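Subject: Structure handover and notes

Dear colleague,

I am passing the structure on to you below, and after it you will find my notes on what turned up when I went through it. Please read them alongside the coordinates.

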2 protein chains.
Amino acid sequence: MTLDMRRTIDPDTYFDHNLPPTNLQWAHDEVDKFVKTQSPDQRIVLVTSGGTTVPLENNTVRFVDNFSAGTRGSSSAEQFLAMGYAVIFLYREQSLQPFNRNYSHNTRGILSYLERINGQIRVKPEWEEKMGRDLDSYQKYTQEGKLLMVNFTTLSDYLFLLREVSLLVASLGPRVMFYLAAAVSDFFIPSHSMSEHKIQSASGDLTLHMNQVPKFLRPLVKNWVPLCFIVSFKLETDPELLGPKARHALEKYGHQVVVANMLNTRKCQVWLFTKEEAQNPAIIQISKEDVDAGKDIEQDIVEELARRHQQYIANAQQQDLSA
Amino acid sequence: MTLDMRRTIDPDTYFDHNLPPTNLQWAHDEVDKFVKTQSPDQRIVLVTSGGTTVPLENNTVRFVDNFSAGTRGSSSAEQFLAMGYAVIFLYREQSLQPFNRNYSHNTRGILSYLERINGQIRVKPEWEEKMGRDLDSYQKYTQEGKLLMVNFTTLSDYLFLLREVSLLVASLGPRVMFYLAAAVSDFFIPSHSMSEHKIQSASGDLTLHMNQVPKFLRPLVKNWVPLCFIVSFKLETDPELLGPKARHALEKYGHQVVVANMLNTRKCQVWLFTKEEAQNPAIIQISKEDVDAGKDIEQDIVEELARRHQQYIANAQQQDLSA
């Protein structure tokens, strides 16, 4: 049976038909080392961030991309570090990075933050305090071995790396959280049915047939990391769909939390759907004034999830004792 | 993947059916001011750089993107400045910018270039010389009013801005060069046939019908800036197509130069096609060793084009005198 004869592809089959990213072995070694140097009760979180791309051609000139600057993921990673977590940050290349995020995704380049004083290249006085704070945090967490960054670009890179990290942390059980904030493509073109060369425009219009991406949350929850605390995200633009889709995901995959949000209000408001609160999700919201004043809603989201994660760990220990 | 034969859209109609970018008025005012402050014989170049995106949904979550980091454009802009040009740099947001380009598109964030010494935030000693040089150039050209940067994201943004700049510089005639290095989408989904909300994946596969983007080089050459020196680019992955397509573009649009290059060798080799050299294009190439040593082929490309542009200006003056 060929891949495109089926409506949805089996997740396992996917890995047999796509090439792993060039940094897979490096990521394996680094994550393995990172995890082994943490203390036995250290809480660990995998934060995924940014959008994945889907190439339209084997010699890639064009690709379909998902909207995501990586704001949610990079801001959340900072909050997790502040709350004592060790963070594996799996992020789209060129998307926002923790602590660096305030200086990279604007129309200013790096040089606009600098000036020459007495021959030395220094950060301009107006940026010194804020950048100094971010620099100190960044260096502290990196040097303490609490932050590991692993990058991806394509959907395929992402899926291989997600599975690799999962299998490496699975044995740590409940103290690992998965915070799956990356915007993962829903559709892709299987490598064998892709155009070899740049698609030509001379002949008129273009029709693209894309397959649905297999739902990797299922093997992740059921097989890869069945004991971990798993948080997935649901972003919609149609408010009517948000609740039903969040509930559907919980029922289908059986994981712990769905963070649901609308594209236009995602910086002010999210809902936490759980099995127990499927009809009455907890709302986390901050005011427009808070957002304008520089407050990140991720502070509140991460605080609440860390609290629930703590409870999840306690419950698991309880069960271990009574078993 | 199938290609359908259909009729392409008229360039003029395009502007009636799409919304202009929010920075159009700002760009108009800035370009107008920029051009008016240049001396009467100042050579000016519009460098376009980076890829355009094509949204798949009106509430955009997904889009088709063209591969281009903006290396060619940002490096060329630096060379044009070094050769005395005033540069309008029309670039994709988040793509590489002149002088900043060496520090932005790698996996390192800005903070990894900095350190705290005696309470001051400074560039690390190993970066001080190179960054200092780039900082000095960047500040010099900006302060002298020789570099203006205008950003776009979507295909539509790009086309509106390209037309706006064109109409503002048209009257300056031969001393303006258009260096159209941006990777512009060939296909798009007209706004009215776009999905209003995020495309749902529950129903299985996805089929996208995209229209061919109207060829804007035609009105640009014929109507917008008929007296300017126009350089377009042709990037292919199939070597058999490169020559024929470059010649075809020259015949069809009647402009001055097509810079043709292959995706895989674009940093080492380009061909300059002109009407006179349609069968024997000039080759510009540098060795792999030169590339590894940090030499940019754009230095040679821009030098050669500036020479030809000078000749073009001289010829135009000759014709003026004899007319």
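Leaving aside residues up to four places away in sequence, Pro11(A) touches Pro214(A), Lys215(A), Phe216(A) and Pro219(A), and please keep in mind here and throughout that this is a predicted model. Pro11(A) lies in helix H1 of chain A, which spans residues 11-17, and with a relative accessibility of 16% Pro11(A) counts as buried, because the cut-off for that class is under 20%. For a sense of the distances involved, Pro11(A) and Val259(A) are 248 residues apart in sequence, while their C-alpha atoms are 23 Å apart in space.

Next, a strand of chain A. Strand E8(A), residues 176-180, is mostly covered, with five of its five residues buried. In a regular strand the side chains alternate between the two faces of the sheet. In E8(A) both faces are covered, with Val176(A), Phe178(A) and Leu180(A) buried on one side and Met177(A) and Tyr179(A) buried on the other. E8(A) pairs with strand E1 of chain A (residues 44-49) in a parallel arrangement joined by five bridges, and within E8(A) it is Phe178(A) that stands opposite Leu46(A). E8(A) also pairs in the parallel sense with strand E11 of chain A (residues 229-236), in this case over four bridges, and there Leu180(A) stands opposite Ser232(A) of E11(A).

The interface between the two chains may be of interest to you as well. Chain B contributes 78 residues to the contact and chain A contributes 74 residues, and together the two chains bury about 7,000 Å², of which 54% is on carbon and sulfur atoms. The rule finds four salt bridges across the interface of chain B and chain A, and it also finds 21 residue pairs in polar contact there, counting pairs with both residues at pLDDT 80 or more. On the side of chain B that touches chain A, the elements that give two or more residues include strand E4 (62-66), strand E11 (206-212), helix H4 (125-143) and helix H7 (239-253) of chain B, and H4(B) gives the most, with nine residues.

Asp186(B) deserves a paragraph to itself. Asp186(B) forms a salt bridge with Arg62(A), in which the closest N and O atoms are 2.4 Å apart, and the side chain of Asp186(B) also meets that of Lys215(B) in a salt bridge at 4.0 Å, N to O. This second pair links distant parts of the chain, 29 residues apart, with Asp186(B) in the loop between strand E9 (176-180) and strand E10 (187-188) of chain B and Lys215(B) in the loop between E11 and helix H6 (217-224) of chain B. Asp186(B) is buried, at a relative accessible area of 15%, whereas Lys215(B), at 29%, counts as partly exposed.

Over all chains the count comes to 36 salt bridges. Side chains of opposite charge can pair when their charged atoms come close. One of these salt bridges joins Lys288(A) and Asp292(A), with the closest N and O atoms 3.1 Å apart; because these two residues are four residues apart in helix H8 of chain A (residues 288-292), they are separated by about one helical turn, and Asp292(A) is exposed, at a relative accessible area of 57%. In chain B, the side chains of Glu30(B) and Lys33(B) meet in a salt bridge at 3.3 Å, N to O, and because the two are three residues apart in helix H2 of chain B (residues 24-36), about one helical turn separates them. Glu30(B) is partly exposed, with a relative accessible area of 21%, and Lys33(B) is partly exposed too, with 49%. Chain A also holds a network of salt bridges that links Glu277(A), Glu304(A), Arg307(A) and Arg308(A).

Finally, the cysteines. The count of disulfides over all chains comes to zero, where the rule asks for a pair of cysteine sulfur atoms within 2.5 Å.

With best regards

Methods: Residues are numbered from 1 along each chain as its sequence is written. Chains are lettered from A and ligands numbered from 1 in the order in which they are written. This is a predicted model: local features need pLDDT of at least 70, side-chain atom pairs count only at pLDDT 80 or more; totals for chains, interfaces and linings use all residues. Side-chain values use heavy atoms; hydrogens and water are left out. Buried means under 20% relative accessible area, exposed over 50%, partly exposed in between (1.4 Å probe, protein chains only). Two strands pair if DSSP finds at least two bridges between them. Contact means heavy atoms within 4.5 Å. Buried area is the accessible area (1.4 Å probe) that two parts lose on being put together, summed over both. A polar contact is a pair of N or O atoms within 3.5 Å; within protein, one must be able to donate a hydrogen and the other to accept it, and residues adjacent in sequence count only if both atoms are side-chain atoms.
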